[in-house]
Amino acid sequence: MVLSALAAVSGTVVVSAAARGGSGAELAAALATAADAARGAELYRNCAACHGVDGGGVADGSIPAIAGQPQPVLVKQLIDFRRGARLDIRMEHFADRRHLESPQDIADVAAYTAALRRTTPAGIGSGAELATGSRAWLDSCSGCHGATGQGDAARKLPRLAGQHAGYLERQLLDTADGRRSSMTAIHRKTFKRLSPEQIAGIADYLSRQQ
Ligand code: HEC
Ligand code: HEC
């Protein structure tokens, strides 16, 4: 009884430590590998069903645009879903090892996605909080993300410009509520201090950037 309980406990510890070590190693491996966008095109077929063949997502924000996102950012997001650091049942499924077997697969599909040019226009906000939002963005976010949220592969900064407003607003609210554990502590703290109007406005402002 005691022995089997101990075995169960130590089994759990071993498994979770391996999972943690594995995912850190996997991220490093996927970032270090030379990516092949042509191979990635094959893997992207699964993704197209939801994100669209152009990677533009859905304007209402139910599915984000992913085209043109820097490759290292896509790699990190896919691994976050794969290891459950970011929760979404659809993405956890399609980023798992049956769909993307190896770090190479992740690097390749990310390279293909990064090179996509989208045709789906961004779903923008109502405009009501645009002035509030652009002020809050310039005060609290642009120091790191730049004036228009362009993204940067070398600094692993996500491209936020042109993302659907509905999607961004939900991400910011989820982070403030502690439902997105993969976001950094500084984001959680900053988002918590923002009003709902500022959050809606930031999402609207970013959705209108090219
Ligand atoms: C069944 C539909 C579906 C499929 C298939 C799918 N996705 Fe997603 N994806 C989503 C949804 C929904 C979200 C938003 C999840 C959330 O709200 O956090 C998302 C989010 C993402 C994000 C995060 C974007 C961001 O900026 O926050 C990336 C990157 C992504 N998907 C890439 C992919 C790739 C690459 C594939 C193929 C390997 C894929 N997805 C397949 C539905 C899907
Ligand atoms: C100290 C620098 C810094 C500040 C300030 C900052 N960010 Fe970020 N942000 C980053 C970095 C670096 C990343 C990528 C790191 C990561 O993926 O965890 C990021 C990621 C993000 C993401 C995407 C994360 C994902 O995985 O989808 C969003 C959305 C975001 N920031 C919004 C904001 C907003 C809105 C503000 C202002 C209220 C802000 N950030 C302030 C540095 C910053």
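Which residues have the most contacts inside the largest nonpolar core? They are Leu74, Val75, Leu78, Ile106, Ala107, Val109 and Ala110, in a core of 25 residues.

## The model and its fold

This is a predicted model, in which local features need pLDDT of at least 70 and side-chain atom pairs count only at pLDDT 80 or more, while totals for chains, interfaces and linings use all residues. Residues are numbered from 1 along each chain as its sequence is written, with chains lettered from A and ligands numbered from 1 in the order in which they are written.

The protein chain has 10 helices and zero strands; helices (H or I, at least four residues) and strands (E, at least two) are DSSP runs, numbered from the N terminus. Of its 210 residues, 39% are buried. Here, buried means that 20 or more other C-beta atoms lie within 10 Å of a residue's own, exposed means 12 or fewer, and partly exposed is in between, with C-beta atoms placed from the backbone. Among contacts between residues at least 6 apart in sequence, 79% join residues at least 24 apart; a contact needs C-beta atoms, placed from the backbone, within 7 Å.

## Two nonpolar cores

Back to the opening question. A nonpolar core is a set of buried Ala, Val, Leu, Ile, Met, Phe, Trp, Tyr and Cys residues joined through C-beta atoms within 7 Å. The largest has 25 residues, and helix 1 (2–32), helix 2, helix 3 and helix 5 each give two or more residues to this core. Helix 5 gives the most, with seven. Leaving aside residues up to four places away in sequence, Val75 touches Ala30, Leu31, Ile106, Ala107 and Ala110. Apart from this core lies another, of 18 residues, including Cys141, Phe191, Ala200 and Ala203.

## Around the ligands

Ligand 1 has 19 residues around it, and Cys47, Cys50, Gln77, Asp88 and Arg90 come nearest. A residue counts as near if its C-beta atom, placed from the backbone, lies within 6 Å of the molecule or strand. Helix 2 (37–51), helix 3 (71–82), helix 4 (89–94) and helix 5 (103–115) each supply at least two residues of this shell, and helix 2 gives the most, with five. By class, the shell has 13 nonpolar, four polar and two charged residues. In this scheme Ala, Val, Leu, Ile, Met, Phe, Trp, Tyr, Cys and Pro are nonpolar, Asp, Glu, Lys and Arg are charged, and the others, Gly among them, are polar.

Ligand 2 also has 19 residues around it, and those that come nearest are Ser140, Cys141, Cys144, Pro158 and Thr190. Helix 3, helix 7 (142–145), helix 8 (165–176) and helix 9 (185–193) each supply at least two residues. Nine residues of the shell around ligand 2 are nonpolar, eight polar and two charged.

## A helix crossing

Helix 6 (residues 130–140) packs against helix 10 (residues 196–207) at about 85°, with axes 7 Å apart. Helix 6 is therefore roughly perpendicular to helix 10. Residues in this contact include Trp137 of helix 6 and Tyr205 of helix 10.

## Two alanines to find

Where is Ala34? Look in the loop between helix 1 and helix 2. Ala34 counts as exposed because it has 8 C-beta neighbours inside 10 Å.

Ala165, in helix 8, is buried, with 25 other C-beta atoms within 10 Å. Not counting residues up to four places away in sequence, Ala165 touches Gly61, Gly123, Ile124, Gly125, Ala203, Asp204 and Ser207.

Terms used. Axes are lines fitted to C-alpha atoms, for helices over the stretch in contact, and angles run from 0 to 180 degrees between N-to-C directions. Angles under 35 degrees count as roughly parallel, over 145 as roughly antiparallel, 65 to 115 as roughly perpendicular and the rest as oblique. Two residues are in contact if their C-beta atoms, placed from the backbone, lie within 7 Å.
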